[in-house]
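Here is a short briefing on a structure with more than one topic to follow. Look at the sequence and the model first, then read on.

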Amino acid sequence: MDKYVAELLVTLRDIGFSWIAEEIEETIHSGKSIEKEISEIQGRRTKKASMIVPLTQEEQLMLCLETVKAYFVDLSDIWKEAGKNISKAESLKTLHIQISEIESIEPVDLFTPQFKGQKENLLKLIVEELGHE
Amino acid sequence: MSRRQTISAITSLLRAIAPNIPALSSPIRTDKIYEIFILSCVVRALDSVGAQLEARDSNDETTSTLVFRLGPGLIYNPSSAPGFIYINYQGREYELQNGVRVLGRSNVLHELDVCIISRAEAINCRRNQIDPKQGHIKLLLECKFYGATLPLHLGREYLGLGTEFSLRIKTMVSNQTSGEIHALITKHRGTENFNISTANQTNVDMFVQWLANELRQVL
């Protein structure tokens with residue numbers, strides 16, 4: 001495994017997001033499917049077939065960073081956009097949306113106010129590294 | 001900045017961010033956020049076709065706060081059922097629901113991420129404390145939020161779910177994509193809508209337009 005991926009996975013586990021680390025590991029272990037051409041036995045013709053190959057170290061790192069971006073950056077944008085979409089309907093303009101546990105009316109916390117600035121810094125770093133691809 | 005420095009900066013920042021993003025405490029929360037986003041796309045589509053919409057709580061009363069639940073809900077149990085959007089389209093009434101359990105063709109209950117149920121069926125179920133049946137579902141969206149790529153088992157599960165529900169608008173929606181799942185689903189005459197995320201706004205707009213066109217045909 002790529003050394004930087006290993007470092008990121010350790011960090012994700014340390015901060016309590018083991019399930020994200022596991023998702024990344026499973027995806028890396030699944031490899032990727034590629035198409036290849038094979039010759040037919042005793043024939044001149046070729047036909048297409050597919051096979052699974054491991055991800056390169058660079059691909060592993062890109063996958064890891066894309067996953068971090070999806071959960072730590074895109075998710076909060078998605079939540080914000082959900083509210084915007086709903087309020088586009090005139091009759092739902094002032095509607096407030098929340099997520100609660102079963103049998104509770106209290107909203108669960110999703111993102112703290114401090115998160116916004118941190119998210120922007122994280123996005124800059126990820127985009128910079130993905131740009132090296 | 002070198003790669004070494006960038007990765008160190010990212011790991012430091014992740015440690016600082018962790019307490020400020022309780023949304024990531026479990027995949028149940030991330031899935032729910034994505035389901036609500038997709039439900040909001042259905043709201044956009046309904047609004048664009050001129051449907052009248054109103055938010056209701058789990059007791060079927062008008063509300064100014066729409067509460068979604070971190071778990072499957074029974075439509076007749078207000079403590080587990082989420083709020084919903086009441087729909088009136090050209091005099092015909094429906095409910096846009098999230099995470100409610102519905103009986104499939106085999107009479108087994110399935111939690112539907114986002115669905116539209118006929119209003120008469122929903123009222124009947126609340127009154128008689130019973131589960132809705134698949135024949136009254138007008139739209140079914142199975143939502144998957146993933147980090148990078150979708151594991152193949154999701155495609156297999158979606159095909160299984162699809163056989164339980166006979167309706168025109170049923171699709172698998174995800175922020176990610178998978179060539180294998182696309183091949184699997186389309187081979188069985190199913191549909192997918194992949195790369196639906198704020199990171200791909202054009203795709204979101206196309207998805208909303210597709211929903212609007214389909215809803216005009218079935219509502």
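Leaving aside its neighbours within four places in sequence, with which residues is B:Ile38 in contact? The partners are B:Val114, B:Leu141, B:Cys143 and B:Val173. Keep in mind that this is a predicted model.

**The nonpolar core**
- The largest nonpolar core holds 95 residues.
- Within this core, B:Ile38, B:Cys41, B:Val42 and B:Cys115 touch the most other members.
- Chain A takes part too: its helix H3, residues 57–87, gives 13 residues, the largest share of this core.

**Where chain A meets chain B**
- The contact takes 59 residues from chain A and 54 residues from chain B.
- On the side of chain A that touches chain B, five elements each supply at least two residues: helix H1 (3–14), helix H2 (18–30), H3, strand E3 (96–100) and helix H4 (115–130).
- H3(A) gives the most to this side, with 15 residues.
- By class, this side of chain A has 30 nonpolar, 16 polar and 13 charged residues.

**Chain B as a whole**
- Chain B has 6 helices and 8 strands.
- From the N terminus on, its elements run α-α-β-β-β-β-β-α-β-α-β-α-β-α.
- The C-alpha trace of chain B spans about 65 × 40 × 35 Å along its principal axes.
- Its radius of gyration is 19 Å, which agrees with the value near 17 Å that a compact globule of 219 residues would have.
- Of the 219 residues of chain B, 45% count as buried.
- Take the contacts in chain B with a separation of 6 or more: 60% of them join residues 24 or more positions apart.

**A loop residue: B:Ala51**
- B:Ala51 sits in the loop between helix H2 (27–48) and strand E1 (52–56) of chain B.
- Is B:Ala51 buried or exposed? B:Ala51 counts as buried because it has 23 C-beta neighbours inside 10 Å, and the cut-off for buried is 20 or more.
- Leaving aside its neighbours within four places in sequence, B:Ala51 is in contact with B:Leu46, B:Ile87, B:Asn88 and B:Tyr89.
- B:Ala51 and B:Arg92 are 41 residues apart in sequence, yet their C-alpha atoms are 9.6 Å apart in space.

Key. Residues numbered from 1 in each chain as written. Chains lettered and ligands numbered in written order. Predicted model: local features only at pLDDT ≥ 70, side-chain atom pairs only at ≥ 80, totals over all residues. Core = buried A, V, L, I, M, F, W, Y, C linked by C-beta atoms within 7 Å. Buried ≥ 20, exposed ≤ 12 C-beta atoms within 10 Å, placed from the backbone. Helix = DSSP H or I, 4+ residues; strand = E, 2+ residues; numbered from the N terminus. Contact = placed C-beta atoms within 7 Å. Nonpolar A, V, L, I, M, F, W, Y, C, P; charged D, E, K, R; others polar. Rg over C-alpha atoms; globule rule 2.2 N^0.38 Å.
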